Amino acid sequence: MPGTDAVLLGEVFMCNNGNHDNQFYEEYGCFPSIEEDDPPCRLLCSEYPSFS
């Protein structure tokens, strides 16, 4: 059937420079604040306890 073949899709862009590329009316941080209501079930690498 015409128009039903597989398609390869991608996006090419340059690296984002957060200091110059993002312009907002109000100041925002990189990540929103999160109010945790459950203990984490998975940890990020930086969240594991240090054994040193």
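These questions and answers cover one predicted model.

Residues are numbered from 1 along the chain as its sequence is written. Local features need pLDDT of at least 70, side-chain atom pairs count only at pLDDT 80 or more, totals use all residues, and side-chain values use heavy atoms, without hydrogens and water.

Student: How many helices and strands does the chain have?
Tutor: Both are DSSP runs: helices are H or I with at least four residues, strands are E with at least two. The secondary structure comes to zero helices and zero strands.

Student: What share of the 52 residues is buried?
Tutor: Buried means under 20% relative accessible area, exposed over 50%, partly exposed in between, with a 1.4 Å probe and protein chains only. Of the 52 residues, the buried share is 0%.

Student: Is Glu36 buried or exposed?
Tutor: Its relative accessibility is 62%. Glu36 therefore counts as exposed.

Student: How many disulfides are counted?
Tutor: A disulfide here is a pair of cysteine sulfur atoms within 2.5 Å. By this rule the count is zero.

Student: What are the relative accessible areas of Cys41 and Cys45?
Tutor: Both residues are taken in turn. Cys41 is exposed, at 67%. Cys45 is exposed too, at 76%.
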